[in-house]
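Have a look at the sequence and the coordinates before reading on.

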Amino acid sequence: MKPNKNYLSTTIAIYLSFLLLGINMSISAQYKTELAHAWGAGNNISVVLTVSSAVGIGSLIASLFTGIISDKFGRRTSAIIGSFGWVIFAFGTAYAPNAVFAYIIGIITGIAMSFSNSALTPAMMEAYPDSRSLVTLLTKFFVSFGQFILPFIIIFLSAEKVPFTYVFNFIGIAYLIIGIICFLVPFPDSRISNQEKPVTKGAVRNGNVKISLEAVALCLIGFTSTAVFMLWTQTNQELGKAYGLTNPVLLQSVYAVCSLISVLLTSFIIKNKGIKESTILTIYPVISALALVLAYLINSPIVLFIVSGFIGFFAAGGLLQLAISLMAGLYPQAKATATSTLFIANGISNWGVIQVAAIITTSFGTAAPRLILIFNILLCIFGAILGLIVKQNEIKQAINEKLALK
């Protein structure tokens, strides 16, 4: 993984930002009661959930323009905006005087997330152009690692009776430092990257972007890849209780550990064993579907632990990041704009599938967890079909290239 120049300091800042992102994605959920009281809502923790949904709204709206800004004005600009947006998230969330103010902070947080996504991942792919999939998968590793260590941090701080505001203060200061560092460290010149040839011929024709079936499939993978593990993580505790599991929270720990292992192993086999990203995008959803079928057919707590590990490994092990890498290869002249389409689908997934799960839960009561399993199985199958479309397009492209050489 050799860059054209030394981007070590940039790499450290970017992956530290992703580690903090993993913490940010879960921290409000860990402090629901404290935040509800701080915002004057008493014990009404639904207020915190409502504010959290505002993050998805902000991210979805911002994804329409942050990619364009990143491609036009450079990764550094977007990285700095994203970092200072996270500063607003940290201090604004901790010290919001009421829920309305916190909701506005939630929207700003979603915008910050979108700016970070449009800057940091493309910057890493441009710094290490020969290892696009590896560096993109590592972003998932650091996000997962942040989610993994957060519960232990909170347990320690609770034992020491440290106020929750201290955690948010630390995050705010850390992002302030990262934002300042982004002014100083080198960033790849996206204009040079824009001169790369697309992986698929015809993706760009006479300077105009051509939307291919492969690009549409990759965009939809941005939806399915998130939907599968989101559904599992949001509903597995209810399924665990229905199956007689006394401490279903442990399912999340198994899921998180297997997700970390998956990122490392998937990175290794792609980098060193020559396995194509499209192969992973096809096979992993099939295995996830089989695991969920097992959970549906066998009512057993032990089986749920096994399935949770499988979902962590095969559904949450970086499929979105691989799709981002492939999309960037299709449109190297507009990496951030192209990949932002996946984050739009990702944002829709974050909101949409949970709404469907809520409707199923309201309509079917105790039968809902198993019905949600069926819904999730269908999403896996759809994801596998999308991966197969990408795979077939790659095979077709390879055949055409061989014929052109003859």
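What follows covers the ground rules, salt bridges, cores, a surface patch, the cysteines and a loop residue.

## Ground rules

This is a predicted model, so local features need pLDDT of at least 70 and side-chain atom pairs count only at pLDDT 80 or more, while totals for chains, interfaces and linings use all residues. Residues are numbered from 1 along each chain as its sequence is written, and side-chain values use heavy atoms, with hydrogens and water left out.

## Salt bridges

How many salt bridges does a search of the whole structure find? The search turns up 2, where a salt bridge is a side-chain nitrogen of Lys or Arg within 4 Å of a carboxyl oxygen of Asp or Glu. D71 pairs with R75, with the closest N and O atoms 2.9 Å apart. R75 also meets E126, at 2.5 Å from N to O. Helices here are DSSP runs (H or I, at least four residues), numbered from the N terminus.

So D71, R75 and E126 make up a network of salt bridges, given the definition used here. Relative accessibility is 13% for D71, 1% for R75 and 7% for E126. These residues count as buried, because buried means under 20% relative accessible area, with exposed over 50% and partly exposed in between (1.4 Å probe, protein chains only).

## Nonpolar cores

The largest nonpolar core has 83 residues, and I27, Y31, W39, F168, Y175, L218 and M327 touch the most other members. Apart from it lies another core, of 30 residues, including A291, L292, A315 and V353.

Leaving aside neighbours within four places in sequence, I27 is in contact (heavy atoms within 4.5 Å) with F89, L150, V167, F168 and I171. T339, in helix 15 (residues 335–364), is buried at 2% relative accessibility. With neighbours within four places in sequence set aside again, T339 contacts I324, M327 and A328.

## A nonpolar surface patch

On the surface, I211, L213, V216, L220, I374, L378, I381, F382 and I385 form a nonpolar patch, with about 810 Å² of accessible area together. Patches are built from residues with over 30% relative accessible area and no salt bridge, joining like charges within 9 Å and nonpolar side chains (Val, Leu, Ile, Met, Phe, Trp, Tyr) within 5 Å. The areas come from the Shrake-Rupley method with a 1.4 Å probe, and for residues only the protein chains shown count as cover.

Helix 10 (213–242) and helix 16 (368–405) each supply at least two patch residues, and helix 16 gives the largest share, 5 residues. L378 is in helix 16 and is exposed, at 54% relative accessible area.

## Cysteines and a loop lysine

C219 is partly exposed at 22%, whereas C380 is buried at 2%.

K161 lies in the loop between helix 7 (132–159) and helix 8 (164–184) and is exposed, at 74% relative accessible area. K161 and I68 are 93 residues apart along the chain, with 45 Å between their C-alpha atoms.

Note on methods:
Core = buried A, V, L, I, M, F, W, Y, C linked by side-chain atoms within 4.5 Å.
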